[in-house]
Amino acid sequence: MNGSTIVFYLLGLMSIVSAVLSVTSRQIFRSAIYLLFTLIGIAGLYFWMDYQFIAAVQIVVYVGGIAVLIIFSIFLTQQSGEQLPEVPVSRAVAGAIAVMSGLALVLVLMDRYGFSGLSDPGPAPSVAAIGEKMLDINGYALPFEVVSILLLAAMVGCIVIAMRKKSQV
Amino acid sequence: MNVEPGLFHFLVIGAVLFFIGIYGFLTRRNLITMLMSVELILNSVNINFIAFNKYLWPGTLDGSFFTVFIIAIAAAEAAVAIAIIINLFRSHQSINVEVAEEMKY
């Protein structure tokens, strides 16, 4: 067991523990902060796999963008210090049973299939290769443009939905 | 069970995070926390894509591209969802899913 293995287990443990806290915490603000730690742990896993570009995108978009957006919307919609109502026991138990059986099914299937993978995968693709493939006409040029239009539409749509109507002022 | 981290370990982490997200989605009744659970689910899928890309097809880039596009779409989805949540809060003073029920009619 060398250093890199220990780092992997620490990152995985951090992601999973803070994810559990994030879905069970009754303080909504704490729940958002735990989600932030999960996202950072996942970015660390990408760094561990040598996918630096994806890790950087994860940090910029999720940690810097979506988490901050969620925290701001909590400020806008939640009374500070107010706790979320307790989850009814029946719903929590039903959810836990459904989740446990689903997880057991998936783990058994993965174990049966026995994903072996390569023990020594080659180096991760460089950022230059990703950029060239992104703008290659036989690569991902069309999805790239479609996503840009989607982002523009989402931006305009958000402004229209969240805008206060003149009559309501 | 091998201790050395490999494809299987990443798939286990992805599956566990996915089902934690499902649990949050089933038990929470607050729209923002449900949105956070959805983000967890999307992230677990991204881990799977990157792990498959690294350990099964190391020469290709398709897993990375799927991840980048999923992140872009998740950002758009979160922005639109939060705009809707803020609008709902403005009209109902609550972001519980049960008050959004009347959208059905």
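Analyst: In this predicted model, 57 residues of chain B are in contact with 67 residues of chain A. On the side of chain B that touches chain A, three helices, α1 (7-27), α2 (31-55) and α3 (62-92), each supply at least two residues. The largest share comes from α3(B), with 20 residues. As to residue class, this side of chain B comprises 43 nonpolar, eleven polar and three charged residues.

Chain A has six helices and zero strands, and from the N terminus on its elements follow the order α-α-α-α-α-α. The radius of gyration of chain A is 21 Å, whereas the globule rule gives 15 Å for 169 residues; the value is well over that figure, so chain A is more spread out than a compact globule. Along the principal axes, the C-alpha atoms of chain A fill a box of roughly 60 × 45 × 30 Å.

The domain assignment divides chain A into domain 1 (1-81) and domain 2 (125-169). Between the C-alpha centres of domain 1 of chain A and domain 2 of chain A lies a distance of 24 Å.

Two further values concern the packing within chain A. Of its 169 residues, 21% count as buried, a residue being buried if 20 or more other C-beta atoms lie within 10 Å of its own. Among contacts in chain A between residues at least 6 apart in sequence, 51% join residues at least 24 apart.

Technical notes:
Residues numbered from 1 in each chain as written. Chains lettered and ligands numbered in written order. Predicted model: local features only at pLDDT ≥ 70, side-chain atom pairs only at ≥ 80, totals over all residues. Contact = placed C-beta atoms within 7 Å. Helix = DSSP H or I, 4+ residues; strand = E, 2+ residues; numbered from the N terminus. Nonpolar A, V, L, I, M, F, W, Y, C, P; charged D, E, K, R; others polar. Domains from an automatic or database assignment. Rg over C-alpha atoms; globule rule 2.2 N^0.38 Å. Buried ≥ 20, exposed ≤ 12 C-beta atoms within 10 Å, placed from the backbone.
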